[in-house]
Amino acid sequence: MAMQSLSDLVAARRVIVTVGSGGVGKTTTAAAIALAGARAGRRVLCLTIDPAKRLATSLGLGTMSHEAQLIDRAVIGLPEDSKGSLTAMMLDVRRTFDELVERYADSREARDRILNNAIYQQIAGSLAGTPEYMAMEKLYSLKDDNRYDLIVLDTPPTSNAIDFLEAPDRMVAAMDSPTVQAFVQAFEKGGSLSLKLLSKAMAQVLSGLSKFTGAGFLEQVAGFLTDIQSLFGGFRDRALKVREELKAPNVAFVVVSSPEPMAVTEAMFFGEKLTEGGMRVEALVFNRVRRSGVVDISSPARIANVLSEAGVEPHVELAAGVLKAYQDASVWARRDANEIARARREMQSVARVVEVPAFDEDVYDVAALSRVAAIIAA
Ligand SMILES: Nc1ncnc2c1ncn2[C@@H]1O[C@H](COP(=O)(O)OP(=O)(O)O)[C@@H](O)[C@H]1O
Ligand SMILES: [Mg+2]
């Protein structure tokens, strides 16, 4: 099966979203795509969530800033006359949530009540689906920004495949659940809270929030829930719009996976879900693929050759150790190749497939990122 790189996507799409299970290399892939885009002469915005500190530092990014930061072209080796540029923005979930509240609150008073509410402050960053929702939200607010040709969206670190797709529903559901509704009603009926009206489930929720004990706590919860209810309409509408936008032909999803069987199975499932949802899964990136060595050391005679060429005395124990390492590597390489073949059979409709090798070290500098970029957009 021939491999096709992502170069055409990088050169022409408006939005590229990297998705996959936690830790497979979404952020690395997003950064590499963004770099490749800039080198192809496009003005790229890379919207990332959890860049490794070392990677951010090596790109010259202050880690504390959540503003858009233009990366120095010298740092990424862009020629002076290149039209391309690379801007990075780190998504701040809490801040994006605040901006949404500002946009959708009924009144200034409601806005301030929500933003200053201790419970809001506690949950804004940790409610189910919030980071995923906020990532999409941010994308939506930037997609028409004409300072950029390409927006690369990285997705949250811990999300598994499905979280991202279902984020809007999950986030709205978390606040719109029967439990929460019952709680709001209890508050509204009594004017102040009657504990007797609270369901057992709600009591459990509250005990989970037991940090906020003391007078006024329940009133605070109820007040918050009432206020935030008024945001739901806005959230829902917006979530639907975001989802529609993600189906546009100029939006490409890139599924990133490691070659581990579980990750591959999850990637295939996610690819299906996205496709069912009307989104375009345009590429598969297998990351950290293990390969057997380029040098053939599969027999003692060959090992002896390689060692003596390297100027090392080829004694028996050393040769045995090398052979063992080679055999182990071959086993892993075969397993990875089999998994990738399985995924490609199952996902034949995805035309672009690339394999990024497992490097000896993390991808944390421009040189390593460039290697990944070169493979992805060969
Ligand atoms: N091909 C690779 N070889 C070696 N290390 C890699 C490779 N791809 C990613 N990494 C490292 O693995 C870690 C997780 O990658 P990351 O892109 O942050 O994953 P995710 O965003 O999916 O959680 C990072 O430390 C990164 O530098
Ligand atoms: Mg990440």
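In helix H12 (residues 261-276), the buried residues are Ala 263, Val 264, Glu 266, Ala 267, Phe 270, Gly 271 and Leu 274. Because they cover an arc of only 160° around the axis, they sit on the same side of H12; the arc is that of the directions from the helix axis to the C-beta atoms. On the other side of H12, Met 262 and Glu 276 are exposed. Here a residue is buried if 20 or more other C-beta atoms lie within 10 Å of its own, exposed if 12 or fewer, and partly exposed in between, with C-beta atoms placed from the backbone. After H12 comes Gly 278, whose phi is positive, near 90°.

A word on what you are looking at: this is a predicted model, in which local features need pLDDT of at least 70 and side-chain atom pairs count only at pLDDT 80 or more, while totals for chains, interfaces and linings use all residues. Residues are numbered from 1 along each chain as its sequence is written, and chains are lettered from A and ligands numbered from 1 in the order in which they are written.

The protein has 15 helices and eight strands. Helices (H or I, at least four residues) and strands (E, at least two) are DSSP runs, numbered from the N terminus. Of its 378 residues, 37% are buried. Two helices can be set side by side; the expected span is 1.5 Å times one less than the number of residues.

| Helix | Number of residues | First to last C-alpha | Expected span |
|---|---|---|---|
| H12 (261-276) | 16 residues | 23 Å | 22 Å |
| H14 (316-346) | 31 residues | 45 Å | 45 Å |

In H14, the buried residues are Ala 319, Val 322, Asp 336, Glu 339 and Ala 343. The buried residues of H14 pack against H12, E7 and helix H13 (300-309).

Next, the core. A nonpolar core is a set of buried Ala, Val, Leu, Ile, Met, Phe, Trp, Tyr and Cys residues joined through C-beta atoms within 7 Å. The largest one holds 83 residues, and Ile 33, Ala 34, Leu 35, Cys 46, Val 152, Val 254 and Ile 376 touch the most other members. Helix H2 (residues 26-39) gives the most to this core, with eight residues. In soluble globular proteins, nonpolar side chains tend to be buried together.

Contacts (C-beta atoms, placed from the backbone, within 7 Å) show how the chain comes together. Leaving aside neighbours within four places in sequence, Val 254 has contacts that include Leu 6, Ile 16, Glu 282 and Val 285. Leu 231 belongs to helix H11 (residues 217-245) and counts as buried because 20 other C-beta atoms lie within 10 Å. Although Leu 231 and Tyr 104 are 127 residues apart in sequence, their C-alpha atoms are 5.6 Å apart.

Finally, ligand 1 is surrounded by 17 residues, the closest being Lys 26, Thr 27, Thr 28, Phe 359 and Asp 362. A residue is near a molecule if its C-beta atom, placed from the backbone, lies within 6 Å of it. H2 and strand E7 (281-289) are the elements that give two or more residues to this shell, and H2 supplies the largest share, three residues.

Methods: Contact = placed C-beta atoms within 7 Å.
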